[in-house]
Amino acid sequence: MYDVFFWFKESKIVIPGVKGRHLFMHVSDIHLHVWDELCSEEEKMSAINRENDWIRGKENFAASSGEPFGDAQKIRSTEAFEKILFLAKELNPEALLISGDTLNYMHPAGERYLKRKLAEYKNNTGRFICVPGNHDNKDLDGIWTTKLSVHEFDGFRIAAVNDTTNTVDDQTLSELESVCNEGVPIIILCHIPLLTEYCKEELIDAGRYFFVDPESADETGKKFVSLAENNSSIKAVVCGHLHKYIYCSLTPEKPQIIGSQGMAGAVDLITVCGD
Ligand SMILES: [Fe+2]
């Protein structure tokens, strides 16, 4: 029995030819607020006040999407993160996937904390892949990059893409196109969901802030959505940002798994397999 803080969604990404079953644990939007002994009083009070705002904020998101929320979820973001790392240790996924807004804002105490915690995780438990979110869209050395990064698994890759400005940069797009041309199946991990005709109905009510919209995005953003939709190497998208769980599809064959708020206990267990 797992900690009552958590609630789970399970899904499958089928990639023909992949051997065996590959478990990934996905969380998003943890919105960490951290203060420590190195903080000034001002930094500490800012983190405490913002944290208190988000205790109400995450409850409001949960209420509006009808997701679980009770006393078990009214905990500090660092406590939530430590529970998430403990769960990952128990479940031992092939990688822990974190799709952005891990920090509520770039702040030195948060950056120190995250580097220390994820270094411990890497040393003691295993792999993690993080992308930045719109709240934390600057490079964090050794944790995430705003550039494309590609991670190898047995028979497929996970491409970590920075789409935090509701588009991608030219370099990311051209590198992603090159990687796609190599023909190895790819799962995209990004922060902001992608809107296609096929998933419009599920996403449109959230509003344009919450997806990469090929109608309003710049040229690079349009090409990014089109690549994800049409390139046969890209098999699925895993993302967050909505603070609400949605399982939808870019096309009938390409699932898009939108994780809810990790700071309120949402966890996706994603199995990648060949059939
Ligand atoms: Fe968020």
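This is a predicted model: local features need pLDDT of at least 70, side-chain atom pairs count only at pLDDT 80 or more; totals for chains, interfaces and linings use all residues.
You'll find His243 in the loop between S8 and S9. For background, most residues other than glycine have a negative phi.

Asn166 is the other one. This residue isn't a glycine either, yet it has a positive phi of about 60°. Asn166 sits in the loop between S6 and H4, and with a relative accessible area of 21% it is partly exposed.

## The sheet with six strands

Now for the strands around those loops. Six of them, in the order S5-S6-S7-S8-S10-S9, make up an open sheet with mixed pairing. At the edges are S5 (149-153) and S9 (246-251), each of which pairs on one side only. Going from one strand to the next, the twist averages 20°.

Strands of a sheet pair through backbone hydrogen bonds, either parallel or antiparallel. Here, S6 (residues 156-160) and S7 (residues 186-189) run parallel and are joined by 4 bridges.

## Helices H4 and H6

H4 lies across S5, S6, S7 and S8 (234-239), and runs at about 155° to S7. H4 (residues 170-181) also packs with another helix, H6 (residues 219-230): the angle is about 20° and the axes are 10 Å apart. Angles under 35 degrees count as roughly parallel, so H4 and H6 are roughly parallel to each other. Their crossing is left-handed.

Which residues of H4 and H6 make the contact? From H4 come Asp170, Leu173, Leu176, Glu177 and Cys180, while H6 brings Thr220, Lys223, Phe224 and Leu227. Sorted by class, this contact of H4 with H6 has 5 nonpolar, 1 polar and 3 charged residues.

## The sheet with five strands

There's another open sheet to explore, formed by 5 strands in the order S1-S11-S2-S3-S4, again with mixed pairing. Its edge strands are S1 (7-14) and S4 (128-130), and each of these pairs on one side only. The twist in this sheet averages 25° from one strand to the next.

Look for S2 (residues 21-27) and S11 (residues 266-273), which pair in the antiparallel sense over 6 bridges. Within that pairing, His26 stands opposite Asp268 in S11.

## Helices H2 and H3

H2 (residues 77-91) lies across S1, S2, S3 (95-98) and S11, running at about 175° to S2. H2 also has a helix to pack with: H3 (residues 108-124), at an angle of about 15° and with the axes 11 Å apart. That angle makes H2 roughly parallel to H3. The crossing of H2 and H3 is right-handed.

What does H2 bring to this contact? Thr78, Phe81, Glu82, Leu85 and Ala88 in H2 meet Tyr113, Leu114, Lys117, Leu118 and Tyr121 in H3. By class, the contact of H2 with H3 splits into 7 nonpolar, 1 polar and 2 charged residues.

Conventions: Residues are numbered from 1 along each chain as its sequence is written. Side-chain values use heavy atoms; hydrogens and water are left out. Axes are lines fitted to C-alpha atoms, for helices over the stretch in contact, and angles run from 0 to 180 degrees between N-to-C directions. Helices (H or I, at least four residues) and strands (E, at least two) are DSSP runs, numbered from the N terminus. Angles under 35 degrees count as roughly parallel, over 145 as roughly antiparallel, 65 to 115 as roughly perpendicular and the rest as oblique. A crossing is left-handed if the near helix is turned anticlockwise from the far one by less than a right angle, and right-handed if clockwise. Contact means heavy atoms within 4.5 Å. Ala, Val, Leu, Ile, Met, Phe, Trp, Tyr, Cys and Pro count as nonpolar, Asp, Glu, Lys and Arg as charged, and the others, Gly among them, as polar. Two strands pair if DSSP finds at least two bridges between them. Buried means under 20% relative accessible area, exposed over 50%, partly exposed in between (1.4 Å probe, protein chains only).
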